[in-house]
Amino acid sequence: MIQVGYTKLVANAPVDVVDSILEDDMPTANAALVTLQTSLSGRTDIDTLFMQQYVGEDDEDGNRIYNKFAFLDPA
């Protein structure tokens with residue numbers, strides 16, 4: 001699965017927000033990223049848009065580890 005989301009700044013700290021979860025289909029993920037970019041247009045708290053995938057491992061606290069592999073400037 002591919003997750004499409006964005007990083008926003010909350011009290012000057014980055015917070016990742018997942019907007020959509022898609023099957024491993026890059027054309028659909030690219031379209032979702034462009035749609036997200038359009039919907040967030042004009043927001044000043046958005047730092048980066050991204051795509052990420054679960055790497056198949058969890059950290060020592062049991063949280064899933066994700067690899068961000070695509071980034072887009074929100075402007």
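**Close-up 1. The loop between β1 and β2, with Ala-11 and Asn-12.** In this predicted model, Ala-11 is found in the loop that lies between β1 (2-10) and β2, and Asn-12 is found in that loop as well. Ala-11 has a positive phi of about 55° although it is not a glycine, while for Asn-12, another residue other than glycine, phi is positive and near 65°. Ala-11 counts as exposed because its relative accessibility is 75%, and Asn-12 is likewise exposed, with a relative accessible area of 74%.

Close-up 2. When neighbours within four places in sequence are left aside, Pro-14 is in contact with Thr-7, Lys-8 and Leu-9. Pro-74 is 60 residues from Pro-14 in sequence, and the C-alpha atoms of the two prolines are 14 Å apart in space.

**Close-up 3. A nonpolar surface patch that includes Val-18.** Met-1, Val-18 and Ile-21 form a nonpolar patch on the surface, and together they have about 290 Å² of accessible area. Val-18, one of these residues, is found in strand β2, which covers residues 13-22. With 38% relative accessibility, Val-18 counts as partly exposed.

**Close-up 4. The aromatic pair of Tyr-54 and Tyr-66.** A search of the whole structure finds one aromatic pair. The ring centres of Tyr-54 and Tyr-66 are 5.9 Å apart and the ring planes stand at 55°, so the pair is described as tilted. Tyr-54 counts as partly exposed at 31% relative accessibility, and Tyr-66 counts as partly exposed at 32%. Tyr-54 also takes part in a further arrangement, in which Arg-64 lies over the face of its ring, at 4.2 Å from the ring centre.

Close-up 5. Lys-68 forms a salt bridge with Asp-16, in which the closest N and O atoms are 2.6 Å apart.

**Close-up 6. The salt bridge between Arg-43 and Asp-45.** The count of salt bridges in the model comes to two, and one of them is formed by Arg-43 with Asp-45, whose closest N and O atoms are 2.8 Å apart. Arg-43 is partly exposed, with a relative accessible area of 36%, and Asp-45 counts as partly exposed at 25% relative accessibility.

Note on methods
Residues numbered from 1 in each chain as written. Predicted model: local features only at pLDDT ≥ 70, side-chain atom pairs only at ≥ 80, totals over all residues. Heavy atoms only, no water. Patch = residues over 30% accessible without salt bridge, like charges linked within 9 Å, V, L, I, M, F, W, Y side chains within 5 Å. Areas by Shrake-Rupley, 256 points an atom, 1.4 Å probe, with all protein chains shown as cover. Salt bridge = Lys/Arg side-chain N within 4 Å of Asp/Glu carboxyl O. Helix = DSSP H or I, 4+ residues; strand = E, 2+ residues; numbered from the N terminus. Buried < 20%, exposed > 50% of the residue type's maximum accessible area, 1.4 Å probe, protein only. Contact = heavy atoms within 4.5 Å. Phe/Tyr/Trp six-rings, centres within 6.5 Å; stacked < 30°, edge-to-face > 60°. Lys NZ or Arg CZ within 6 Å of the ring centre and 35° of its normal.
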